[in-house]
Amino acid sequence: MTSNPGRRRGTPDKSPRGERTSGNGHGHSHSHTLSGIAADLSPFARRFVLTALGIAGLAVVVGAVLLWPSGGEHSIPAQFRGADGGPIHAVDGEVVGQTRGDCLNQMVGTVADTADIPISGAGTGPCIESVVHLTSGSHSGKYTLVEVPTNRAQSGSGPDSSVQTLGAPDDPQPGQPTLHIGDSIRLATAPGPDGQPRYTFYDFARGTSTIVWAILFAGAIILVAAWRGLRSLIGLVFAFVVLGVFTLPAILDGKSPVAVAVVSSAAILFVVLYLAHGISVRTSSALLGTLLSLLLAAVLSRASIVTMNLTGLSNDQATNLQVYQGGISVSGLLLAGFIIGTLGVLNDVTITQASAVFELAAAGEPTRLATFRAAMRVGRDHIASTVYTLVFAYAGSALPLLLLFSVAQQPFGSLLTSDTVAVELARSFVGGIAIALSVPLTTAIAAALARPAGRRDPEPEMPARPDPAPSRTGRHSMPE
């Protein structure tokens, strides 16, 4: 087959009928929509992606079957155990009165019919006495007394006394709640010496405020993203269902945390991506790129944990879990946290890159290579901004720890190499590397599937335009 010497390679010829023909001389007519792009794919790329996703989906199903939790009972850790050895039972209450009084009031935690509870040393004592109206439970409608000691209740003297480092004398002691009249709180119930229930402060009641913020969150997403935003919220609910029904029970059942995390993440990706962005070639390319990047993140996470000798034992929750659930590997749990932690940011990067590739192909990029290069320029900007987001998110979560180390006046090198901070640094390093490598990987997959403009015929009614002058680099120039 001979080529037209006066035509740049990859540019369509103009037929005698006023239409353009592809470089192989055959005339076609295609739509300029994304569906038109997806209708004429590279056969090999299409088969490769469909086969890879089919194998991945089958592996997720098999993994879920093999790792499915047995549903057995687990012992309750001591800090979550009630006086009877079972789970903590909590009721709702509202603070309706407050005054100062002497500490160790005998009425604390008992049930009273009225809010007029006798308080010794009223108005001058070193403890804050809060009268709470019970609004749920078997004693709903009755009252109880909650006592919070202030710093004035401390005793001792000398440079080593805790009094020397406490705040204002009338403030609650460290670790004690600051209650105000009108606060909604949760009270834990336990049997007292006389067999009657005793109530103690358990936590603040946040049900109403949490629902309000959840509605505002959902409203903002749906208002801006419309139906796609609603589908993304449904996908988010599905992700939490997977974590609650499969991931956590399977790990507690003694299954490998790493295997459970990989299977859970892959299952979430399959549903969330297709639900939020629709079943399309664009979404499939992003999904394959995310799955491959997720496996890469798992390998990198394992390497970072081994080479940096991270134990995860500096985390109080991990230590308690190892004490009460000794069959769980703390290092495996740490690795699983790394994998799940990279899921959201990888999803963001890969779907953006896949969309950029298909939009650039539809906008007029002549070849797949040109589309890849243009999309990579978008990806470089995305990498730069996402790395900042990733690192500062982890730094913000570790801010109290950083302040504590600063007060301890430890060398900066010792601070960075401590287990707790090193874990957060490793998360940032692994996430950053996975993001950086996911961009060219996803871009290459999407470019192989996209139909470049130079390989597609325009509408017959559109007049042919003269070819633009080639740039020095042999491709369309775009601002960096």
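This is a short talk through one protein chain, from its overall make-up down to a few single residues.

First, the ground rules. The model is predicted, so local features need pLDDT of at least 70, side-chain atom pairs count only at pLDDT 80 or more, and totals for chains, interfaces and linings use all residues. Residues are numbered from 1 along each chain as its sequence is written, and side-chain values use heavy atoms, with hydrogens and water left out.

Now the overview. The chain has 12 helices and 7 strands. Helices (H or I, at least four residues) and strands (E, at least two) are DSSP runs, numbered from the N terminus. The chain holds 480 residues, and 37% of them are buried. Buried means under 20% relative accessible area, exposed means over 50%, and partly exposed is in between, with a 1.4 Å probe and protein chains only. The accessible surface is about 26,200 Å², and carbon and sulfur atoms own 63% of that. Those areas come from the Shrake-Rupley method with a 1.4 Å probe; for residues, only the protein chains shown count as cover.

Next, contacts, meaning heavy atoms within 4.5 Å. Take those with a separation of 6 or more: 69% join residues 24 or more positions apart.

On to helix α3. What is the distance between its end C-alpha atoms? They are only 27 Å apart, although α3 runs over residues 207-252, 46 residues in total. A straight helix would reach 68 Å at 1.5 Å a residue. That expected span is 1.5 Å times one less than the number of residues. Where does α3 bend? At Ala-225, by about 135°. The bend is the angle between axes fitted to the seven residues ending there and the seven starting there. Several α3 residues are buried, including Gly-229, Leu-233, Phe-246 and Ile-251. Just after the helix, Gly-254 takes a positive phi of about 95°.

Now the nonpolar cores. A nonpolar core is a set of buried Ala, Val, Leu, Ile, Met, Phe, Trp, Tyr and Cys residues joined through side-chain atoms within 4.5 Å. Which residues touch the most other members of the largest core? Leu-287, Leu-310 and Phe-338, out of 63 residues. Helices that each supply at least two residues of this core include α2 (43-67), α3, α5 (281-307) and α12 (419-449). A second, separate core has 11 residues, among them Val-146 and Tyr-199. Back to Leu-310: beyond four places in sequence, its contacts include Leu-334, Phe-338 and Ala-426.

Ser-284 sits in helix α5. Is Ser-284 buried or exposed? Buried, because its relative accessibility is 10%. Ser-284 touches Val-49, Leu-53 and Tyr-274, not counting residues up to four places away in sequence. Val-49 is 235 residues away along the chain, yet the two C-alpha atoms are separated by 7.5 Å.

Last, the aromatic pairs. Rings of Phe, Tyr and Trp (its six-membered ring) pair if their centres lie within 6.5 Å; planes under 30 degrees apart are stacked, over 60 edge-to-face, and the rest tilted. The whole structure has 2 such pairs. In one of them, Phe-201 and Phe-204 have ring centres 5.4 Å apart and planes at 75°, so this pair is edge-to-face. Phe-201 is partly exposed at 25%, and Phe-204 is partly exposed at 27%.
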